[in-house]
Amino acid sequence: MKKLLGILIILTSVVLLVSCNKKVGKNGEIIDFSEQYGQKSKIRVWIDDENGDYMKEVIKEFNKLYPNIQVEHQHKGSVDGREHLKTFGPSGNGADVFQFPHDHLSQAVLEDLVLPLPTATQEKIEERAHELGTSIATLYYDESTGSFDPSNPNAQPKLYAVPMSIESIGLFYNKKFVQTPAATYEELIAAAKIWNEKKDDLGRTNAQNGNYYLGISNHWADSYFIQHIYSAFGFLPFGENLNDPSAVGFENAKDALTWMKTELQPITTGTGDHNSIEGGKLFEEGKIPYVIGGPWNHEAYIKAGIEYEVASLPTINGKETKPFAGAMMAAVYKYSKNQADAIKFVEFLNSDIAMELQYKMKSKLPALKTELLDNIEGIKADKNLMAMSKQLESAIPMPTIPQVTYYWGPGETMIKEVWNVGKDILTATKEAESSYRTLSGLTS
């Protein structure tokens with residue numbers, strides 16, 4: 001009887017151990033499988049990856065570290081994520097992690113969509129991420145007043161997103177026409193005057209055919225592209241720290257606009273409008289030597305078989321030209337029901353393995369400190385991305401205060417009126433300033 005009772009006790013113990021995800025080993029030791037067989041949690045991730053191959057690999061690597069976190073990826077265009085989250089988030093059908101470009105950040109914060117990342121996460125990311133990326137993703141914000149004023153004592157700097165990739169613009173050159181790229185705009189302008197007057201077999205010049213020496217992959221009134229020119233003439237919108245909404249400063253663009261009208265327009269569009277020449281298309285067709293473009297242009301140029309490289313933007317009058325730097329970011333939805341696991345995922349996006357997958361599968365420049373790029377196989381041999389990395393050394397972080405939204409329209413109109421119809425430059429800058437202040441709710 002005692003023997004039978006002992007057997008029952010042992011069997012009961014084994015059942016209890018198994019029910020607790022534990023097992024008795026051959027030698028009587030207890031093996032704990034609770035982490036392996038525990039209940040899985042689930043997060044939904046919106047990342048711009050249409051065929052899903054990239055995210056499939058990211059999730060696979062993430063689950064090696066966190067096997068109990070089930071990640072559901074849904075393709076969502078990066079520019080769509082914020083708007084869709086406003087609609088689907090409150091119903092529980094949104095994302096726990098969503099991706100967006102740099103210029104959506106302040107609006108997403110104002111719309112109460114983004115969770116400020118914990119201090120521990122911020123410290124981890126700041127140790128590894130490129131300084132430009134963390135600068136763009138960090139905001140001074142007072143939630144109680146909706147203020148982004150850094151002088152507000154309640155507006156402490158917080159990291160709101162993890163930068164995934166960083167980008168800027170550069171000088172693309174076709175090696176069929178150019179062996180050593182121009183280092184100065186003065187060189188470009190002198191060479192352009194000769195190129196533009198060359199005639200074809202029908203006696204038409206390159207300029208008459210629209211094949212101007214230097215093109216741009218968007219148009220010449222885009223303030224994002226033109227910032228590198230502004231910088232050489234001392235114009236930096238929103239003040240020295242890029243966060244003063246009262247200091248947009250269009251009046252400081254006068255000298256740059258004068259140079260653009262007298263020096264740049266004649267060799268890029270002639271008497272044509274700011275958008276009369278499709279520079280990106282002409283470069284893709286192998287018809288012109290130079291185009292100012294960004295990493296989004298690589299795929300088309302490679303597919304077209306153009307043998308090209310990317311150089312740093314040329315100086316103007318001996319002054320360095322500093323373009324804006326942008327970033328693609330991932331953030332945690334503020335009302336996610338599984339914030340802890342969502343934070344683990346955005347932290348993982350900053351890891352070497354995730355960054356290497358992004359580079360290899362999406363051809364993006366990882367938002368890592370320069371010295372950490374050594375950990376990404378093959379990237380140091382990628383001439384075009386390394387040229388972008390070099391350009392970023394002088395780039396200016398894209399301003400992310402909400403008032404940036406009201407900068408682009410007046411800035412574009414200002415350039416169009418000077419470039420296309422020859423409006424008086426002082427008048428154009430004053431009108432742009434007035435328009436910005438009206439749109440942003442500031443007094444003139």
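Trainee: Which residue in β11 is the bridge partner of F172?

Mentor: Please note that this is a predicted model, in which local features need pLDDT of at least 70, side-chain atom pairs count only at pLDDT 80 or more, and totals for chains, interfaces and linings use all residues. Residues are numbered from 1 along each chain as its sequence is written, and side-chain values use heavy atoms, with hydrogens and water left out. Strands here are DSSP runs (E, at least two residues), numbered from the N terminus, and two of them pair if DSSP finds at least two bridges between them. β9 and β11 run antiparallel and are joined by 4 bridges; the partner of F172 in β11 is V291.

Trainee: In what order do the strands of this open sheet lie?

Mentor: The sheet is built from 4 strands with mixed pairing. β10 (214-216) and β12 (308-311) each have a single partner strand, so one side of each is left without a neighbour in the sheet. The order is β10-β11-β9-β12.

Trainee: Which residue of β11 is the bridge partner of I216?

Mentor: β10 pairs with β11 (residues 290-293) in the parallel sense, over 3 bridges. The partner of I216 in β11 is I292.

Trainee: How many of the residues of β9 are buried?

Mentor: Buried means under 20% relative accessible area, computed with a 1.4 Å probe on protein chains only. Strand β9 (residues 170-174) is largely enclosed by the rest of the structure, because its buried residues number 5 of the 5.

Methods: Buried means under 20% relative accessible area, exposed over 50%, partly exposed in between (1.4 Å probe, protein chains only).
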